[in-house]
Amino acid sequence: MSEHNISVTVNGTHHELTVEPRTLLVSALREELGYTGANVGCETGRCGACTVRVDGETIKSCTRFAVQSDGAEIETVEGLADDGELSTLQEQFQENHGLQCGYCTPGMLMSADTFLRENEDPSREEIRDAIEGNLCRCTGYHNIVDAIEATADQLGEQR
Amino acid sequence: MYTNDFDYYRADSVGEAVELLGDHDGAELVAGAHGLLPRMKTGDESPPALVDIGQLNGLDAIESSDGGSISVGALATHAEIADSEIVREHAAALADAASELGDPPVRNGGTIGGNLAHGDPRSDPPAALLALEGSLEVRGSDGERTIDAAELFEGPFETAVADDEIVTAVRIPTDDDAVSGYRKRRDPLSGYAMVGVGVWLRTDDETIEAARVAVTGATTTPARLSGVEDELEGSAVSEETITAAAAEAGTALDADAFVSDVQASAEYREHLLTIDTERALYDVLDVGQ
């Protein structure tokens with residue numbers, strides 16, 4: 001089968017790689033480029049563990065072929081911390097025990113980070129709607145919602 | 001999880017996409033990939049080639065035209081439709097369906113043209129398109145044509161969009177005197193519609209002049225509910241009318257039209273359809289409850 005040369009930018013770093021058409025975006029990120037933050041969970045587009053931002057919007061990277069993302073600007077969970085210093089959202093997940101096993105956390109963080117960019121003072125219901133596409137099999141949703149709410153509060157105080 | 005191997009071609013124009021489809025037997029279009037890719041993983045579909053139209057420019061515009069219709073570009077995502085003021089104002093049922101579909105990342109990924117051409121009977125937009133009497137604008141090797149919603153859905157994952165055709169836009173007629181909406185009962189496992197009901201009604205506030213009601217999810221193929229429509233048309237806007245109309249939800253459908261699966265039997269889905277039809281009518285009419 002054919003192979004294709006593509007280029008992507010991940011967290012600001014330019015990469016060129018060669019992929020088979022059937023290589024999923026999440027597989028290219030993890031196995032070709034070493035961005036193992038995006039996890040492979042259900043592989044059916046339900047669980048959201050593989051959530052990344054492509055050109056500013058969250059998508060599930062198991063439901064996109066890598067070759068389709070040629071030229072895209074991709075952001076993964078590795079890009080949230082600034083030179084090793086956790087973002088406010090990441091700190092609040094830690095503070096509020098917003099993670100247990102941690103498997104859903106990269107996707108949760110990407111969905112929550114994207115949501116908070118456009119929603120400065122969300123209700124808990126709005127937060128729950130925002131993470132509807134991210135399943136936590138530890139069922140630790142209360143603390144995740146707490147963490148996102150606390151982040152919104154903290155960012156609001158800083159504004 | 002990998003799909004089977006396939007050849008990949010990227011189209012730089014609608015014309016090139018049509019050519020590529022013609023050149024490669026069995027090739028399928030891909031844009032958001034949210035309909036096709038999951039079915040390629042399970043082996044339900046295994047096209048030898050994909051033609052990628054996801055990066056085509058200008059196919060995602062949502063516009064209102066003077067001629068009494070709105071046009072939604074085939075590459076508009078469900079998120080863009082859900083957020084569109086034009087769609088909300090003139091085709092509320094489609095805005096409802098788009099905002100109820102999947103979850104935020106799925107709405108960012110999936111596109112309306114692919115959704116409707118794919119013909120997944122569990123998906124939300126088909127009921128809205130049927131109730132709104134929308135149509136698809138398609139282009140193929142024989143030129144352009146229009147496919148009305150009533151002719152579109154031929155069976156599960158079977159639509160009237162031909163193998164060498166590409167959907168370019170969805171057109172919805174508008175009517176300032178009409179109201180519309182879509183109500184979904186979500187399958188808790190898949191997130192698809194266990195039952196979804198789209199309604200479109202034109203009233204003079206006292207009488208229902210015209211009615212269009214459609215179902216998705218509950219039936220093997222999205223369909224209009226003519227029994228409900230007949231009961232509504234010409235009747236007073238009242239709770240009694242809604243109750244009587246909802247009771248007709250299953251009457252014009254064949255006995256084997258309903259889906260039966262691990263979540264709900266066919267009999268239960270038919271029961272739910274009556275309830276959800278009633279609720280969908282209350283959602284858009286200014287009476288009771």
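A: B:Arg171 counts as partly exposed, at 28% relative accessibility. Here buried means under 20% relative accessible area, exposed means over 50%, and partly exposed is in between (1.4 Å probe, protein chains only). The model is predicted, so local features need pLDDT of at least 70 and side-chain atom pairs count only at pLDDT 80 or more, while totals for chains, interfaces and linings use all residues. Residues are numbered from 1 along each chain as its sequence is written, chains are lettered from A and ligands numbered from 1 in the order in which they are written, and side-chain values use heavy atoms, with hydrogens and water left out.

The partner of B:Arg171 is B:Glu137, and the two form a salt bridge in which the closest N and O atoms are 2.7 Å apart. B:Arg171 is in strand 10 (residues 166-173) of chain B and B:Glu137 is in strand 6 (residues 135-140) of chain B, so this pair ties together parts that are 34 residues apart in sequence. A salt bridge is a side-chain nitrogen of Lys or Arg within 4 Å of a carboxyl oxygen of Asp or Glu. Strands (E, at least two residues) and helices (H or I, at least four) are DSSP runs, numbered from the N terminus. B:Glu137 is also partly exposed, with a relative accessible area of 23%.

In chain A, salt bridges that share partners join A:Arg53, A:Glu75, A:Asp113 and A:Arg117 into one network. A:Arg117 is partly exposed at 48% relative accessibility, whereas A:Asp113 is buried, with a relative accessible area of 18%.

A search of the whole structure finds 27 salt bridges over all chains. One of them joins the side chains of B:Arg10 and A:Asp70, at 3.2 Å from N to O. This pair crosses between chains: B:Arg10 belongs to strand 1 (residues 7-10) of chain B, and A:Asp70 to the loop between strand 4 and strand 5 (73-75) of chain A. B:Arg10 has a relative accessible area of 25% and is therefore partly exposed. A:Asp70 counts as partly exposed too, at 22% relative accessibility. As a general point, side chains of opposite charge can pair when their charged atoms come close.
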